[in-house]
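Have a look at the sequence and the structure first, then read on.

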Amino acid sequence: MSTERSSIETPPAGHPYAADIEAERVGWYRLNALVRELTPDECLVPGYYSDPDWTVRDVVAHLGTWLAEAEIQFERMIGGTYEGHDVDIDGLNAAFLDAMAGHPWNVAWLQANAGRTRMLEAWYALSERNDEAAWWVRKSGAEHYAEHLDRLREWVVELSALRQLDIGSPTAS
C-alpha cells in the first residue's frame with residue numbers, strides 16, 4: 001500500500017464500502033473540527049458526560065479504541081480467523097476507558113488517529129461486503145461518530161464560553 005496521505009483518504013476504485021468510507025471521512029473531519037476549537041487543557045475538563053465523568057480526551061480515546069478494535073477484527077476477517085461480533089459492548093467500553101484513563105491529551109489524540117489509519121488500511125483490504133464487516137463499520141465509523149457529535153458540539157460551546165469568561169476575568173493572566 002502506498003504511504004501517501006491520499007492512500008488512506010480514498011478507497012480503491014469500486015470498493016464495496018466506498019460510500020461508508022466517505023461517510024466515515026466526513027464524520028471524522030467534523031469531529032476533528034470540533035476538537036481543534038479547544039485547547040489541550042480544555043480537552044481534559046470533565047463534563048462531556050457525567051457518572052462517570054468524561055472529558056474530550058475520554059471521548060476521543062473511546063472512539064480511537066473502537067477504531068483500533070475494528071482494525072483487529074477486519075484483519076481477522078482478512079486472515080480467516082474472525083469469530084463474530086458477539087461482544088459485551090458495555091464491558092469493552094469500560095475496559096477501553098480504563099486503559100486510556102490518565103493518559104495525556106496528546107496520547108489519546110495520537111492513538112485515535114493511529115487507530116483510524118490502521119482501521120482504514122484494513123477496511124480497504126476487504127474485497128466484498130458482509131454482515132460482520134458492516135457491523136464493525138457501524139460500530140466504529142460514521143454512525144459511532146454521529147452518536148457523539150451532538151454532545152461534543154454542545155460541550156465545545158460550553159468550554160468556549162468558559163474560556164471567554166476567563167479571558168475577561170481580572171485574575172486571568
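Below is a short tour, from the overall picture down to single residues.

**The whole chain**

Keep in mind that this is a predicted model. The protein chain has seven helices and zero strands, so if you read the elements from the N terminus on, you get α-α-α-α-α-α-α. Along its principal axes, the C-alpha trace spans about 60 × 35 × 25 Å. Out of 173 residues, 42% count as buried.

| Helix | Residues | Number of residues | First to last C-alpha | Expected span |
|---|---|---|---|---|
| H2 | residues 18–35 | 18 residues | 26 Å | 26 Å |

**Which face is buried?**

Start with H2. Its buried residues are Ile21, Glu24, Gly27, Trp28, Leu31, Asn32, Leu34 and Val35. Look down the axis of H2 and these buried residues fall within an arc of 160°, so they line one face of the helix.

Now for H4, where Asn93, Phe96 and Met100 are buried. These three cover an arc of only 70° around the axis, which puts them on the same side of H4. What about the other side of H4? Asp90 and Asp98 sit there, and both are exposed.

**How H3 and H5 pack**

Two packed helices are described by the angle between their axes and by how far apart those axes are. Helix H3 (residues 56–79) and helix H5 (residues 105–125) pack at an angle of about 25°, and their axes are 7 Å apart. Angles under 35 degrees count as roughly parallel, and that is why H3 and H5 are described as roughly parallel to each other. Their crossing is left-handed. What kinds of residues make the contact of H3 with H5? They divide into 16 nonpolar, four polar and five charged.

**One residue up close**

Finally, find His144 in helix H7 (residues 142–168). Is His144 buried or exposed? Its relative accessibility is 1%, and buried means under 20%, so His144 counts as buried.

Notes. Residues numbered from 1 in each chain as written. Predicted model: local features only at pLDDT ≥ 70, side-chain atom pairs only at ≥ 80, totals over all residues. Heavy atoms only, no water. Axes fitted to C-alpha atoms, helices over the stretch in contact; angles between N-to-C directions. Helix = DSSP H or I, 4+ residues; strand = E, 2+ residues; numbered from the N terminus. Parallel < 35°, antiparallel > 145°, perpendicular 65-115°, else oblique. Left-handed = near helix turned anticlockwise from the far one by under 90°. Nonpolar A, V, L, I, M, F, W, Y, C, P; charged D, E, K, R; others polar. Expected span 1.5 Å × (residues − 1). Buried < 20%, exposed > 50% of the residue type's maximum accessible area, 1.4 Å probe, protein only. Arc of directions from axis to C-beta.
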